[in-house]
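These are my notebook entries from a reading of one structure, kept in the order in which I looked things up.

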Amino acid sequence: MAPRVLVVDDEESIRSSLRMILEFERYRVEEASTGREALRRVMTRPPAAVLLDIKMPEMDGLATLSRLRERGHDMPVVMISGHGDIAAAVEATRLGAYDFLEKPLERDRVLLALRNAVERQRLEDENRLLRGAPFELVGESAAMRELRAVIERAAPTPATVLITGESGVGKELVARAIHAGSPRSDMPLVQVNCAAIPDELIESELFGHERGAFTGAVRRQIGKFTAADGGTIFLDEVGDMSARTQAKVLRALQSGEIEPVGARTTVTVDVRVVAATHRDLLAEIEEGRFREDLFYRLNVVPVHAPPLRERLDDLPLLVDHFIERFAAENNYRPKTLTGDATRQLQAMPWRGNVRELKNLVERLLILTPGEKVDRADVLRLAGPERGELSEAILAVSTLREFRETAERLYLAKKLEEHGWNVTRTAKAIGTPRSNLYKKMDQHGLRRGEPA
């Protein structure tokens with residue numbers, strides 16, 4: 001939804017002119033002709049930003065700004081005044097004004113000041129949410145203790161960090177913990193999901209663009225690197241960037257300079273980079289899809305987030321954590337899991353890792369009718385294939401049978417997922433094709449075998 005802007009000026013012509021300019025840029029505009037009216041409007045519905053004239057009868061702009069701050073309203077306020085009013089500009093800055101515009105107003109200057117003000121406020125709000133959001137890395141297993149130790153050593157340094165691990169293991173939480181433990185923790189943490197942005201737009205998203213730089217660029221936009229200046233930028237799924245974008249990110253890491261799309265000059269930024277990927281970047285380098293020089297720039301401090309199957313001792317703690325969070329956030333009465341239910345959860349393969357466990361715990365809380373969640377509830381709500389897999393594994397009597405049964409079920413399921421294409425399946429599970437053929441013969445797996 002477009003940001004809402006409050007225009008405060010006693011001259012109707014100024015208000016009308018600003019409304020026309022701002023609505024053309026798709027802002028939602030409200031007007032106030034006096035400082036007191038402005039205070040009432042802000043009290044009723046706080047805007048994203050305020051354009052506030054200094055010279056007004058009864059209550060001038062400086063008094064209005066002072067009242068806004070006294071009442072705890074922290075939205076950016078851009079002051080408007082006559083030419084050369086230096087004393088007023090100094091006083092407005094002291095009271096917390098974001099910017100200062102002189103009359104006669106220039107359209108581009110107004111829009112630039114307003115865009116920057118709204119964007120900065122958005123990032124500050126986002127950063128407060130990130131700082132206030134729970135980023136606790138739950139678990140006391142050896143793998144988690146080692147992860148915490150690496151974070152504690154890496155966080156206070158300016159070094160670039162590369163977080164690796166499967167999808168759902170909590171790489172974003174690791175990035176937040178690194179930022180929170182760094183000297184930059186009071187500055188923005190800006191996150192970019194490189195896999196979610198179309199390739200043709202990711203340069204603009206990261207580095208910004210000038211107006212008219214490409215079709216659809218109707219206004220200037222600052223990029224995420226600029227927005228993160230002084231703080232941390234988290235490049236999630238960095239392995240999905242195009243070769244062209246990789247080259248620009250490498251330049252930013254080497255020189256601290258970025259080049260907005262369509263700009264003739266570079267911009268210097270001070271940003272710490274934390275990157276994450278679920279891909280094997282060394283294999284991507286071998287295939288020519290990722291730059292080796294960028295890898296070594298990113299991989300100054302490697303951090304590996306372990307999958308859930310390697311720290312199943314943490315599963316009861318994670319379950320309790322998710323129950324407490326869900327109950328607190330949704331005013332929901334918490335339920336308890338029986339020992340059999342917990343053991344059943346620990347017997348599952350968890351391909352989706354901690355994220356999958358969180359989703360299942362919430363499903364169990366919502367759909368289990370009683371106050372306790374038992375093993376039968378887990379089997380019923382985990383999905384038929386989960387139940388079948390766990391039942392088959394738990395039915396065996398020896399460790400050797402357990403390994404053989406688990407391997408057979410796993411291979412059959414993976415072959416089915418890849419249409420029984422042996423080459424694709426072998427690549428997906430990281431084994432030579434010859435070994436997969438041997439395992440298929442060993443377990444008697446043929447096309448059409450149920451998973």
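**Entry 1: a charged pair**

I began with E25, which counts as buried because its relative accessibility is 6%, where buried means under 20% relative accessible area, exposed over 50% and partly exposed in between, with a 1.4 Å probe and protein chains only. I note that this is a predicted model, in which local features need pLDDT of at least 70 and side-chain atom pairs count only at pLDDT 80 or more, while totals for chains, interfaces and linings use all residues. Residues are numbered from 1 along each chain as its sequence is written, and side-chain values use heavy atoms, with hydrogens and water left out.

What does R107 form with E25? I found a salt bridge, with the closest N and O atoms 2.8 Å apart; the term stands for a side-chain nitrogen of Lys or Arg within 4 Å of a carboxyl oxygen of Asp or Glu. The pair links distant parts of the chain, since R107 is in helix α5 (residues 107-132) and E25 is in the loop between α1 (12-24) and β2 (28-32), 82 residues apart. For these names I rely on DSSP runs numbered from the N terminus, helices being H or I with at least four residues and strands E with at least two. R107 itself is partly exposed, at a relative accessible area of 28%.

**Entry 2: other salt bridges**

I then searched the whole structure and found 30 salt bridges. In one of them the side chains of R109 and D99 meet at 3.3 Å, N to O. R109 lies in helix α5 and D99 in strand β5 (residues 99-102), so this pair ties together parts that are 10 residues apart in sequence. R109 is partly exposed, with a relative accessible area of 35%.

I also looked up D314 and R311, whose side chains meet in a salt bridge of 3.1 Å, N to O, and both of these residues are buried. A network of salt bridges links R4, E30, E37 and R41.

**Entry 3: the sheet that holds β5**

I followed β5 into an open sheet of 5 strands in the order β2-β1-β3-β4-β5, with parallel pairing; two strands pair if DSSP finds at least two bridges between them. The edge strands are β2 and β5, each of which pairs on one side only. From one strand to the next the twist averages 20 degrees; axes here are lines fitted to C-alpha atoms, for helices over the stretch in contact, and angles run from 0 to 180 degrees between N-to-C directions.

Between strand β3 (residues 49-53) and strand β4 (residues 77-81), which run parallel, I counted 4 bridges, and D53 has I80 in β4 as its bridge partner. Helix α1 packs on the sheet and touches β1 (4-8), β2, β3 and β4, its direction making about 170 degrees with that of β2, a contact being heavy atoms within 4.5 Å. Helix α3 (residues 61-70) lies across β3 and β4 and runs at about 170 degrees to β4.

**Entry 4: a second sheet and D236**

I found another open sheet of 5 strands, also with parallel pairing, in the order β7-β10-β13-β6-β14. Its edge strands are β7 (189-193) and β14 (301-304), each pairing on one side only. β10 is joined to strand β13 (residues 272-277) by 4 bridges, and the two run parallel; T232 stands opposite R272 in β13.

Which side chain of opposite charge is nearest to D236? I found K171, 5.6 Å away, and D236 is buried yet has no salt bridge; for charge, Lys and Arg count as positive and Asp and Glu as negative, while His and the chain ends are not counted. D236 is in strand β10 (residues 232-236). Leaving aside residues up to four places away in sequence, D236 touches Q191, V192, N193, C194, A195 and A276.

**Entry 5: the whole protein**

Among contacts with a separation of 6 or more, 68% are between residues 24 or more positions apart.
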